Amino acid sequence: KSTVIMSKLSRDTINDCIEQVLKGAQDKKRKFTETIELQVGLKNYDPSRDKRFSGSIRLPHVPRPNRKICVLADAKHADEAKANNQQFMTVEDLKKLNKNKKLVKKLAQKYDAFLASESLIKQIPRLLGPGLNKAGKFPTLLTHNETIASKVEEVNGTIKFQMKKVLCLGVAVGNVTMDQKQVYSNLNLSINFLVSLLKKNWQNVKSLHVKSTMGKPVRLY
């Protein structure tokens, strides 16, 4: 895959871009850790006619380590979550929401992502309705063969490219506490993966920008 990107973007071009973004964040330090985002503009795509693409990839370095994650837990996972200071909710807690759209929406807004035990994941539509799905936060399956901590790390390190009704999209590819090499490997992988999802690959890419949360966008392509 790396050959695809190198024909369009040299390593130097990508590194220059990252350097500008990191320098901008250093010069104007914020009270929080800024996320570094890849912003993509698409072309030759008709969202109403063309098949909308969607794909997830795990990055080598976690872009947003401090995301808030909630486990929708069975008894075993509830005990594990308690022991690890991980926020969780049980079936009983979910029943209390009474499928109330406002409360489900509020829950979806409170957390960045959800994990759910196997026995619960099937019940979610019945317990909560379509609210989490609508918010793009349907839970990731958590089995008893994996620890909550490792799954949280996996979810935090995974980004999703999803075509909506508009021709632009953005994903987190890092944060300003990372060093240049880490941002580079995340960014390189993200761009390659995105291009592989597109019907006409690079011919569908109009522009690529990289920016930190509060920084100026830096044009990459």
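Phe 193 is buried, its relative accessible area being 17%, a value under the 20% cut-off for burial. This assignment, like those that follow, refers to a predicted model. Phe 161 likewise counts as buried, because its relative accessibility is 0%. The ring centres of Phe 161 and Phe 193 are 6.1 Å apart and the ring planes meet at 45°, so the pair is classed as tilted. Phe 161 belongs to strand β7 (residues 158-162) and Phe 193 to helix α10 (residues 180-197); the pair therefore ties together parts that are 32 residues apart in sequence.

A search of the whole structure returned four aromatic pairs. Tyr 111 and Phe 114 are both buried.

The buried residues of α10 include Val 183, Tyr 184, Leu 187, Ile 191, Leu 194 and Val 195, together with Phe 193 itself. Asn 186, Asn 188, Ser 190 and Asn 192 of this helix are also buried. At the start of α10, the backbone nitrogen of Lys 181 is approached to within 3.2 Å by a side-chain oxygen of Asp 179.

The largest pocket of the model has a volume of about 1200 Å³. Its lining comprises 36 residues, and those nearest the pocket centre are Arg 64, Arg 67, Asp 112, Gly 136 and Lys 160. By residue class, the lining of the largest pocket divides into 14 polar, 12 nonpolar and 10 charged residues.

With regard to the chain as a whole, the secondary structure amounts to 10 helices and 10 strands. The C-alpha trace extends over about 55 × 40 × 30 Å along its principal axes. The chain contains 221 residues, of which 44% count as buried.

Terms used
Residues are numbered from 1 along each chain as its sequence is written. This is a predicted model: local features need pLDDT of at least 70, side-chain atom pairs count only at pLDDT 80 or more; totals for chains, interfaces and linings use all residues. Side-chain values use heavy atoms; hydrogens and water are left out. Rings of Phe, Tyr and Trp (its six-membered ring) pair if their centres lie within 6.5 Å; planes under 30 degrees apart count as stacked, over 60 as edge-to-face and the rest as tilted. Buried means under 20% relative accessible area, exposed over 50%, partly exposed in between (1.4 Å probe, protein chains only). Helices (H or I, at least four residues) and strands (E, at least two) are DSSP runs, numbered from the N terminus. On a 1 Å grid over the protein atoms alone, a cavity is a set of points where a 1.4 Å probe fits but cannot get out, and a pocket is an open set with protein on both sides within 12 Å along at least five of seven lines; lining residues have an atom within 4 Å of a point. Grid points are joined across faces, edges and corners, and a volume is the space filled by probe spheres set on the points. Ala, Val, Leu, Ile, Met, Phe, Trp, Tyr, Cys and Pro count as nonpolar, Asp, Glu, Lys and Arg as charged, and the others, Gly among them, as polar. A polar contact is a pair of N or O atoms within 3.5 Å; within protein, one must be able to donate a hydrogen and the other to accept it, and residues adjacent in sequence count only if both atoms are side-chain atoms.
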